Amino acid sequence: MAANAIDQTRRMLSLVTYLRERPGAHVSDVARAFGITEDELISDLDVLPMCGTSFRGGDLLDIDTDGDRIWWHNADDVAEPLRLAADEATALLVAARAVATLPGLRESDRQALLRATAKLEAAAGEAAGASSRLSVTFESEGGVFAEVDRAISERRRLWLRYYSPARDELTEREVDPIRLFAVGHTYMEAWCRLSEARRTFRLDRVAEIRLLDAPAAPPEVELRDLSEGLVQPSAEDPEVVIEVGPGGRWVAEYYPHDSADELPDGGLRITLRTPAPASLRRLALRLGGDGRIVSPRSLADSARLAADKALAAYDAASYDSDVHESATSGGTASGGTVHDVTVHDGTE
């Protein structure tokens, strides 16, 4: 069973201290000390160079391995006292207070976080006062994450009400969670008892979740390689062509594609493949005037129809709102527009 996200984070924080005190440590010795496999350790080492005191190159952890020993080349530089600007201190304090409210966080971790926050407040001075006027509240995804993380840790089954955009419906199912991972969004990989197959669930599409007493017992499965992204289209998948303006160029960054050709207006003509072309209707609606589906024609027509229905629903809602406002203010409505009405109170 894969380690849950909080356990992995705790291990990686300890790993930084461990490696700083043991330059050139052997991979086998470190893995044995942390009770993990060498492959798991190498996976952690692949993540650590993305961490540091800032996102500037010289402030990131310069850690690598030749497969036998582990070397940390800038340990002394990173160990220098950290100096935070006012905006950095404010952001860190707001984030720390928000994380401390997460459900499912171990009490020992919560207390450690609160102690660290108190020290940061003392060092931040006036910036701490500014941060106290800001707050962040985690919505349902944070609670869902905590429940999934707890289920993985305790090896328990979960009950879900889950929204499937491809079918546009909510389904109820029981799942045995396998792991949490993030690729743009946060996902849970689990064995679904409804379909009796491995499925991936996006946490922000979980409408309701409940931890069950039944033990989780997913079959032994090989974890998917996500290095190339969550969606990895095949050559047999249907081809879709999308044209986007300058404001829609981000599509090429987030969607795997076969080609992205420049257009005269600064936009792109993007060719991609997907096993579920209908799922791109939502992308077309999100793009609005910044893009359109060119082919296949049937998908372009259905996206245009969905946009027309959305606009019609918006116009109807706007008209109803105008009529209500007119009725309550004494005005008259015509063509969805409220006309001004002069009310005399006896004063000229």
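A salt bridge is a side-chain nitrogen of Lys or Arg within 4 Å of a carboxyl oxygen of Asp or Glu. Keep that in mind while you click around this model, which is a predicted one.

**Stop 1: a pair on one helix**

Select R304 and D301. Their side chains meet in a salt bridge, with N and O 3.0 Å apart.

How many salt bridges does a search of the whole structure find? It turns up 20.

**Stop 2: pairs that link strands**

Next, pick E208 and R161. They form a salt bridge whose closest N and O atoms are 3.7 Å apart. This pair links distant parts of the chain: E208 belongs to strand β7 (residues 206-215) and R161 to strand β3, 47 residues apart. E208 is partly exposed at 35% relative accessibility, and R161 is partly exposed at 25%.

Then jump to R273 and E239, another salt bridge, with the closest N and O atoms 3.6 Å apart. R273 is in strand β10 (residues 268-273) and E239 is in strand β8 (residues 239-244), so the pair ties together parts that are 34 residues apart in sequence. R273 has a relative accessible area of 24%, so it counts as partly exposed; E239, with 39%, is partly exposed as well.

**Stop 3: a patch of negative charge**

Switch to a surface view and select E38, D39, E40, D62, D64, D66 and D68. Together they form a negative surface patch. Which helix gives the most to the negative patch? That's α3 (residues 38-47), with 3 residues. Zoom in on D68, found in the loop between β1 (63-65) and β2 (70-72). D68 is partly exposed, with a relative accessible area of 43%.

**Stop 4**

Go to helix α2 (residues 27-34) and highlight V27, V30 and A31, its buried residues. Turn the view until you look down the axis of α2: the buried residues fall within an arc of 100 degrees, so they line one face of the helix.

**Stop 5**

A bit of background before the last clicks: most residues other than glycine have a negative phi, and most peptide bonds are trans.

- Select R155. It isn't a glycine, yet its phi is positive, about 55 degrees. R155 sits in the loop between α8 (140-154) and β3 (156-164), and at 48% relative accessibility it counts as partly exposed.
- Select E196. Here too phi is positive, about 50 degrees, in a residue that is not a glycine. You'll find E196 in the loop between β5 (185-192) and β6 (197-202), and it is partly exposed at 45% relative accessibility.
- Select S295 and P296. Is the peptide bond between them cis or trans? It's cis, with omega near 0 degrees. P296 lies in the loop between β11 (291-295) and α11 (297-329).

Conventions. Residues are numbered from 1 along each chain as its sequence is written. This is a predicted model: local features need pLDDT of at least 70, side-chain atom pairs count only at pLDDT 80 or more; totals for chains, interfaces and linings use all residues. Side-chain values use heavy atoms; hydrogens and water are left out. Patches are made of residues with over 30% relative accessible area and no salt bridge: like charges are joined within 9 Å, nonpolar side chains (Val, Leu, Ile, Met, Phe, Trp, Tyr) within 5 Å. Accessible areas come from the Shrake-Rupley method with a 1.4 Å probe; for residues, only the protein chains shown count as cover. Lys and Arg count as positive and Asp and Glu as negative; His and the chain ends are not counted. The place of a charge is taken as NZ of Lys, CZ of Arg, CG of Asp or CD of Glu. Helices (H or I, at least four residues) and strands (E, at least two) are DSSP runs, numbered from the N terminus. Buried means under 20% relative accessible area, exposed over 50%, partly exposed in between (1.4 Å probe, protein chains only). The arc is that of the directions from the helix axis to the C-beta atoms.
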